[in-house]
Amino acid sequence: MMLRIENLHASIGGNEILRGVNLDVHAGEVHAIMGPNGSGKSTLAQVLAGRESYDVTGEVLYEGEDLLALSPEERAAAGVFLAFQYPVEIPGVGNLYFVRTALNSLRRQQGLDELDAIDFLSLARERMGLVEMDESFMSRSVNEGFSGGEKKRNEIFQMAVLEPKLAILDETDSGLDIDALRVVAQGVNALRSEGRAMLVITHYQRLLDYIVPDVVHVFADGRIVRSGDKDLALELEQHGYADLEQSAVLTSSAASVGGATP
Amino acid sequence: MTATTTTASPRGLAGLEPVPDDHQPSWLGGVRRAGLEWVAEHGFPTLKDEDWKYTRVGPILDVAFEPAVGGMNHRLSSSAIDDLAGDLGGTRLVFVNGYFAPELSSLAMLPEGATVTSLASVLAENADRLEPFLARPIPPQHHAFTALNAALAEDGAFIQIPPDTTIAAPIHLVFVSEVVASPLVSSPRSVVLAGARSRATIVETHIGSGGVYLTNAVTEVVLEDGAQVDHYKVQDEADTAFHLAALHVRPGRDSSFSTHALALGAAIARHEVWVRLEAEGAEVTLNGLYLPDGNQHHDNPTLIEHVAPHCTSRQLYKGVLGGHGRGVFNGNIVVGPDALGTDASQTNKNLLLSDTAEVDTRPRLEILTDDVRCTHGAAVGQLDEEAVFYLRSRGVPHQQARGVLTYAFAGEMLQLIRVGPLQSHLESKIAERLRAGRAEVRR
């Protein structure tokens, strides 16, 4: 078992957002988490990556270790990666420098030698190809002035360089046109492997046409309300989230969130 | 400036006297006496003085300083200077406690007619050449420390560039303080005269070996028509030292002057820049970066007087304040009634790294005419926690993530440095400082 989440609760400012999440993920699997806006999907991603602004209870075991006890950087060193829904712009920090600093931080924490500039550059060039990213992006400041699609490609590029064991993709498809979506999905698929698990969080079914999941979970009102195979995504596409939300045991007004797919 | 009386001890700066010198011309004796009389009459600045509102000079006045004298033995080597100040190639004049040290200096080939030498040698050989600069009427920005410099200065750099002459390599002026038994005040006075359409780059570096001392420096730059001078000032004094400096600039018609002030060291440091734009079409750029940490205090007063029409001034000062560090940006732009077509901008940005750091920012703009374009603004903020988390989520440890972001904020100012070896010297120095030294962080 790579990841086991048991009865995970998270709240911020007294407002409970995750209300008892349970999830098991094995190495090599791709899990899709689908759900309406405001259901708490992104909070789950942030909590797993180590965002400190939430009050968290419950248990998350990652490769048998207590993930919640680790700092964000320790989680990264242990192989957890979050592709951000809104990648952060960092003026004054070059993209290539950023990714190299990240990789060498991971390598240091893992007891490996740091890569020098030349070895890193050849690695970076190769991984840029996976997401058809132009080299000119490497000398620019991190995400500064990047389009939405460029930012998302940059996330997948980072993932390709850092080679995590558990990749969490938070709405990586949002804001992408169909070409960018295809490129991003191609990058993700190239990184699927026996030893790597992925949690693909999305609002729309269309991403799953490109990244075919092993398991699909429906997230509503802060928890997983239904799980199934990839056909569940198609069912959602046809009927929307409304039916599922009603079938769930709903405890709050969050049920009224209108998240039906178009 | 209001006149106030000093509360200093009988010894120390208030009790200083110039060294009698029978060889000096009478006008110079008059200048020195006038300096001391000014101090006796007006006293030292206090917090009640508008221009000194945030900087207490009490700790400086409490020290029983004695004036440094020339010809003292020192234990410095040329390679030690390289390490502390950077080796920029080109001409380097080194001053120990304010006095020229030829054995540490190197004079590269200079174009014909160019003079790069010590002020003392000009005073010895042809003192009257300096009368127009040293015996200038007292400007309104005068204060006790510039008056003391006038009274005590015996040496410094003298640079004269003939018209239509370019000195490509930077001229490096290194002022190093070496502590002896008693605390010394060094009073370097430098004069730069850039002839019409000449070009030069001048770097002033102030360093010290430790202990308590005071550098009280005045530098004057005069640009004739169409001259272009890039000036850099690196204040990297010992953290226990005091540093007070004034840079006075008089740009000629269509001339261009830039200065970059980088403040790293000293317990209390003040670097004031005063530019008087009296000739049409001149352009000046004032950049600054101050990095007070621990208990350091860095004050950056600037005054740009737009007197003539169609001059441009650009100002960008950034501060990174850690520990109990305190910074001041006190920027004043005055656009006079005849300064039509003035284009002035002034920006001050500050990054506070701790709850106990403090910055006072006062961008001021006084406009006495229409038809001008003036902007000014100031910002004080903390590190972007979203960016910190982004870096940490990629595996960069918390402290290093903060360092990377802090360095990126300061790095903009380093990018503006156009002297390659100086840029790399400062990059490594500042990177080390921002990543290693900041123990107190805001969570």
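Student: In chain B, what share of the contacts with a separation of 6 or more comes from residues 24 or more positions apart?

Tutor: This is a predicted model, so what follows is computed from predicted coordinates. For chain B the share is 83%, counting contacts with a separation of 6 or more.

Student: How many of the residues of chain B count as buried?

Tutor: The figure is 50% of the 443 residues. As a general idea, nonpolar side chains tend to be buried together in soluble globular proteins. Here the largest nonpolar core has 197 residues, and A:I168 and B:F95 touch the most other members. The element that gives the most to this core is helix α8 of chain B, residues 398-415, with eight residues.

Student: Which residues is B:F95 in contact with, leaving aside its neighbours within four places in sequence?

Tutor: They are B:F100, B:A101, B:D155, B:V174, B:F175, B:V176 and B:P188.

Student: Now the two chains together. How is the size of an interface often given?

Tutor: It is often given as the accessible area lost when the parts come together. Here we can count residues instead: 22 residues of chain A are in contact with 17 residues of chain B. On the chain A side, the elements giving two or more residues are α2 (72-77), β7 (90-94), α3 (95-109) and α6 (148-162). Of these, α3(A) gives the most, with five residues. By class, the chain A side has 13 nonpolar, seven polar and two charged residues.

Student: Can we take one residue as an example? Where is A:A77 placed, and is A:A77 buried, partly exposed or exposed?

Tutor: A:A77 lies in helix α2 of chain A. A residue counts as buried with 20 or more other C-beta atoms within 10 Å, and as exposed with 12 or fewer. A:A77 has 19, so A:A77 is partly exposed.

Student: Which residues is A:A77 in contact with, leaving aside neighbours within four places in sequence?

Tutor: In chain A they are A:L106, A:Q109 and A:Q110, and in chain B the contact is B:G395. The C-alpha atoms of A:A77 and A:R108 are separated by 8.8 Å, although these residues are 31 residues apart along the chain.

Definitions and conventions. Residues numbered from 1 in each chain as written. Chains lettered and ligands numbered in written order. Predicted model: local features only at pLDDT ≥ 70, side-chain atom pairs only at ≥ 80, totals over all residues. Contact = placed C-beta atoms within 7 Å. Helix = DSSP H or I, 4+ residues; strand = E, 2+ residues; numbered from the N terminus. Nonpolar A, V, L, I, M, F, W, Y, C, P; charged D, E, K, R; others polar. Core = buried A, V, L, I, M, F, W, Y, C linked by C-beta atoms within 7 Å.
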